[in-house]
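This report describes a protein model through its chain contacts, one of its helices and its charged side-chain pairs. The sequence and the structure come first.

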Amino acid sequence: MSGPAGVLVVGASAAGLATAEALRRKGYRGGLTLLGAESHPPYDRPPLSKQVLSGTWDTERTRLRQPATLSELDSEIILGDPAVGLDVATRTVRTASGLALSAEAIVVATGLRPRTLPGQGELTGVHVLRTLDDSLALRPALLAASRVVIVGDGVLGTEIAATARKMGAKVTLAGPQQAPLESQFGSSLGNLLGELHAEHGVCLRLGTAVTGLTGRHGRVTGVRLDTGDELPADVVVVAFGATPATEWLAGSGLRVDDGLVCDSRCRAAEGIYGAGDVARWQHDALGTSLRLENRTNATQQANAVAANILGEDQPYVPVPHFWTDQFDTKIQVHGLPNGDAEVTIVDGSTAERRFVARYQHNGKVAGVLGWNMPKQCRLRRQEVVDALSAPVP
Amino acid sequence: MKVTVDEEKCCGAGQCALLAPEVFDQREEDGIVILLDAEPVESLHTSVREAASMCPAAAIELGESS
C-alpha cells in the first residue's frame, strides 16, 4: 500500500504511537513524524494512578515501547515541543519551538487536559493526574499527607482514592453522584463500589458537589461543598473530568465541539484525522457521535485511522471497552452501560463479589460489566456486538 | 517470531484473545493472559502483531521482526 507522501501524527501517547505502528504494520513506507508535547518517550497512562503512584513500578516500566522497537518504526520522533497551530489548507503544524511541519495526512491525537477548580493554580497541595510528571509529583505528596481529599467520583478519582488508601493516607472521596460511577454503573453496582471503598477505609462524601478550595498562606486547607461544609485537607487531588486538548486548533477552521469533530471515518477534513481521547466521531452503529476517554479506544481508533489514511474507507464502529482496578477488584466494561439501564447478573453473584452484569436498555443489550470476572465478561461481549449489529427498529 | 507476555502488566482486557485466539487465551480466575503458542506459524504473524500493538497494557513483546 502506498498511501500519502508523508504522515504527521500530533501527539505521542498511546493513540499517536499506535497510529504510527498501525501504518507501518499495514505496509506504509512513506515519511512518518510523531510530535509530542511532553519530553518523555511514549508511555502508558493507566499505571499512573496505580502502579506508578503506589511506587510498585518505576517509570521505565510505563514505556510503551523499548527504544529498539521505537527505532524500528523508522519515524522522526520530536518530543517536548507542543503543537500551537494548524493550517488546514497547507496541512502545516506549527510548534512552540517554531517548527513548521507539513504532511499530506495529519493525525490529531493530542488527548486531554484535566479540569481544574477555580483558584487551584495559586494553592500548593492541589494536584491533578494526567501525566507521568503529575504522578511523580503526587506520590511524595500523598506519602507526606495527613488528610487527602479526592474531588471526583469517576474512574480516575476512585482509582486514586484506592491507591492513596493503600499507601496509608487518610482519604475522603467527594463528588456529586450518590454512588461512585453511578452514571455508568447504575445505583446498585455504584453502591457496591462505594461499599468496597468504605470497607477499605475511604470516607465517602458523595451526593454533594464541590464548589471550591479553601487555603491559607498559599497552601490548600480543604475543599468547600455546596452544603456549606468544608472538608479539611492538606493534599487535594482534582479528578473530576478532563477536556479535549484542542486549543491549538483555534482558528484552523476545524469544527471543535467537546473534541475534534470527525466523520464516521475519523476524518475532520480532507487529509486530517482524529484519534484517541480528543476525537469525537460519528459511530454509525450507535447512530450518534461519540468521544471515548479510554485506553482501549486509543489503540483501536488509531488502527481505524491508519486504515482510512491508507484508503480502506471503513467506518469506525467499535464496542467501547474500559477497565479499572481498585483494591483487589478488577472491573471490565464492554459496551455503553448507563445508570438507567436494567441490570441482570448473568454469571457469578454479587455476594461472592465475582460476577458479570448485563445492562439492557429498551430490551437491547447496551453493555456487560465483569466484576473480578474478566474472561467471562469478554465472552459476553458478543451480546453487545449482536445488539450493535441488529437493525435499528 | 517469538512471543513473550508480561503477566504483571496484563490488565485482563482480553483484546489479544479476540484478535488472535490461536495464540492467546485468558485465565478463568483473573483474566490474565495465557500464551498458547510462543512461536506461532507465519500465517498468524499479522494477527499476533496486531494483538501486540492493540494490547492496552503493552504486555505483549515480539522478538525478531520477521
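**Interface of chain B and chain A**

The model is predicted. In it, 30 residues of chain B are in contact with 27 residues of chain A. The two chains bury about 2300 Å² between them, and carbon and sulfur atoms give 44% of that area. On the side of chain B, B:Ser53, B:Met54 and B:Pro56 supply 22% of the area buried against chain A, more than any other three residues.

Three elements of chain B give two or more residues each to the side that touches chain A: helix H1 (15-19), strand E2 (24-26) and helix H2 (45-54). H2(B) provides the largest share, 5 residues. By residue class, the side of chain B that touches chain A divides into 12 nonpolar, 7 polar and 11 charged residues. The rule finds 5 salt bridges across the interface of chain B and chain A. A salt bridge also joins the side chains of A:Arg378 and B:Asp25, at 3.9 Å from N to O.

**Helix H1 of chain A**

Helix H1 of chain A covers residues 14-25, which makes 12 residues. From its first C-alpha to its last it reaches 16 Å, close to the 16 Å expected at 1.5 Å a residue. Because 11 of its 12 residues are buried, H1(A) is largely enclosed by the rest of the structure. Among the buried residues are A:Leu17, A:Glu21, A:Leu23 and A:Arg24.

What do the buried residues of H1(A) pack against? Within chain A, the partners are strand E1 (6-10), strand E2 (31-35), helix H3 (67-72), strand E7 (105-108) and helix H7 (295-309). H2 of chain B is a partner as well, and this helix is also the one with the largest share of the side of chain B that touches chain A. Just after H1(A), A:Gly27 takes a positive phi of about 100°.

**Salt bridges**

Side chains of opposite charge can pair when their charged atoms come close. A search of the whole structure finds 26 salt bridges over all chains.

| Residue | Partner | N to O distance |
|---|---|---|
| A:Arg291 | A:Asp258 | 3.1 Å |
| A:Arg291 | A:Glu293 | 3.1 Å |
| A:Arg358 | A:Glu383 | 2.8 Å |

A:Arg358 lies in strand E26 (residues 354-361) and A:Glu383 in helix H8 (residues 374-389) of chain A, so this pair links distant parts of the chain, 25 residues apart. A:Arg358 counts as buried at 19% relative accessibility, whereas A:Glu383 is partly exposed at 22%; the cut-off for buried is under 20%.

Salt bridges that share partners join A:Asp258, A:Arg280, A:Arg291 and A:Glu293 into one network. A:Asp258 counts as partly exposed at 39%, and A:Glu293 is partly exposed at 42%.

Returning to the pair of A:Arg291 and A:Asp258, their side chains meet at 3.1 Å, N to O. A:Arg291 sits in the loop between strand E22 (288-290) and H7 of chain A, and A:Asp258 in the loop between strand E17 (242-244) and strand E18 (260-261), so the pair ties together parts that are 33 residues apart in sequence.

Conventions
Residues are numbered from 1 along each chain as its sequence is written. Chains are lettered from A and ligands numbered from 1 in the order in which they are written. This is a predicted model: local features need pLDDT of at least 70, side-chain atom pairs count only at pLDDT 80 or more; totals for chains, interfaces and linings use all residues. Side-chain values use heavy atoms; hydrogens and water are left out. Contact means heavy atoms within 4.5 Å. Buried area is the accessible area (1.4 Å probe) that two parts lose on being put together, summed over both. A salt bridge is a side-chain nitrogen of Lys or Arg within 4 Å of a carboxyl oxygen of Asp or Glu. Helices (H or I, at least four residues) and strands (E, at least two) are DSSP runs, numbered from the N terminus. Ala, Val, Leu, Ile, Met, Phe, Trp, Tyr, Cys and Pro count as nonpolar, Asp, Glu, Lys and Arg as charged, and the others, Gly among them, as polar. The expected span of a helix is 1.5 Å times one less than its number of residues. Buried means under 20% relative accessible area, exposed over 50%, partly exposed in between (1.4 Å probe, protein chains only).
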